[in-house]
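Subject: Handover of a structure

Dear colleague,

Please find below the structure that I am handing over to you. My notes on what was found in it follow directly after it.

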Amino acid sequence: MKALDRIRAAGIAVPPLDMCLEKRVPPGTGLGGGSGDAAALLDYLASAGYPVGRFAAEIGADVPFLLSRVSAALARGAGEKLSPLQASPAQWRVVVAIPTWRCVTADMFARLDEYFHDEWKSTSERACSEARQVFDRLVRGEFCGLLPNDFSDLLLRERGEYRALFADFYRTGAIAWGISGSGSSAFALWNKNDFRGFSTALPWVEDVLVF
């Protein structure tokens, strides 16, 4: 609805639509479910001839990536500057663990600013360089451990439960793990040929998704 309202407010006469949305990705889990819904709507409208691609980054920073259909990319600016990365997602098995708590993106960014104060020195160039190095190691199947995410320190401080989950990831042979987006879900990657399944007895893990 945010996407549709923004498009109509710009004077693009999109007629009334009959939409049915079946949510499979829980809101507040940092998995881009809402952004994926917006990208799907933009894709539909673009295929019908409406000039809506320029609105993607205004609606959400991850919408341009989800709209692009590339499997991996570095995103800069407001998410609209994409640099595709070469990789085959089929080389990994991915597990996403969804906890019982949720993180609201706007609240998390506000808390992140408060947490870092004036100590946030990262730049776009530095972040992209770090991301490329980590991605290249993952493509080579190397062990990376905890992946960089500006929200990790904040969430690990407030939710020590993540450490127990990360220990389960490590114990079962994952090569990398981390927080998904601004939280709350956590994920891990295995080299596909090394994956023997994953399960956890942690009572606060609401669901486990395997891809």
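Predicted model: local features only at pLDDT ≥ 70, side-chain atom pairs only at ≥ 80, totals over all residues.

Valine 95 stands opposite alanine 188, a residue of strand 6. Strand 3, which covers residues 92-99, is joined to strand 6 by six bridges, and the two run antiparallel.

Strand 6 is mostly covered, with six of its six residues buried. Ala186, Ala188 and Trp190 point one way from the strand, while Phe187, Leu189 and Asn191 point the other way; all are buried.

Strand 5 and strand 6 form a hairpin with six residues between them. Glycine 181, in the turn, has a positive phi of about 60°. The loop between strand 5 (176-179) and strand 6 (186-191) also holds serine 182. Is serine 182 buried or exposed? Its relative accessible area is 7%, and buried means under 20%, so serine 182 counts as buried. The side chain of serine 182 makes a polar contact with the side chain of threonine 105, at 3.4 Å. Neighbours within four places in sequence aside, serine 182 is in contact with Cys103, Thr105, Met108, Phe151 and Leu155.

A second hairpin is formed by strand 1 and strand 2, with four residues between them. In its turn, glycine 77 has a positive phi of about 65°. Strand 1 (residues 73-76) and strand 2 (residues 81-84) run antiparallel and are joined by four bridges. Within this pairing, leucine 74 stands opposite serine 83 of strand 2.

I turn now to the charged side chains. Side chains of opposite charge can pair when their charged atoms come close. How many salt bridges does the structure hold? There are ten salt bridges, among them the one in which the side chains of glutamate 58 and arginine 6 meet, at 2.6 Å from N to O. That pair links distant parts of the chain: glutamate 58 lies in helix 3 (residues 56-59) and arginine 6 in helix 1 (residues 2-9), 52 residues apart. Glutamate 58 has a relative accessibility of 44% and counts as partly exposed. Arginine 6, at 31% relative accessibility, is partly exposed as well.

Another salt bridge is formed by glutamate 22 with arginine 24, where the closest N and O atoms are 3.3 Å apart. Both glutamate 22 and arginine 24 are exposed.

Glutamate 142 forms a salt bridge with arginine 137, and here the closest N and O atoms are 3.5 Å apart. Which residues are linked with Arg137 in a network of salt bridges? Arg140 and Glu142 are linked with Arg137 in this way. Glutamate 142 has a relative accessible area of 30%, and arginine 137 has one of 32%.

Yours sincerely

Terms used: Residues numbered from 1 in each chain as written. Heavy atoms only, no water. Buried < 20%, exposed > 50% of the residue type's maximum accessible area, 1.4 Å probe, protein only. Polar contact = N/O pair within 3.5 Å; in protein donor to acceptor, adjacent residues only side chain to side chain. Contact = heavy atoms within 4.5 Å. Pairing = 2+ DSSP bridges. Salt bridge = Lys/Arg side-chain N within 4 Å of Asp/Glu carboxyl O.
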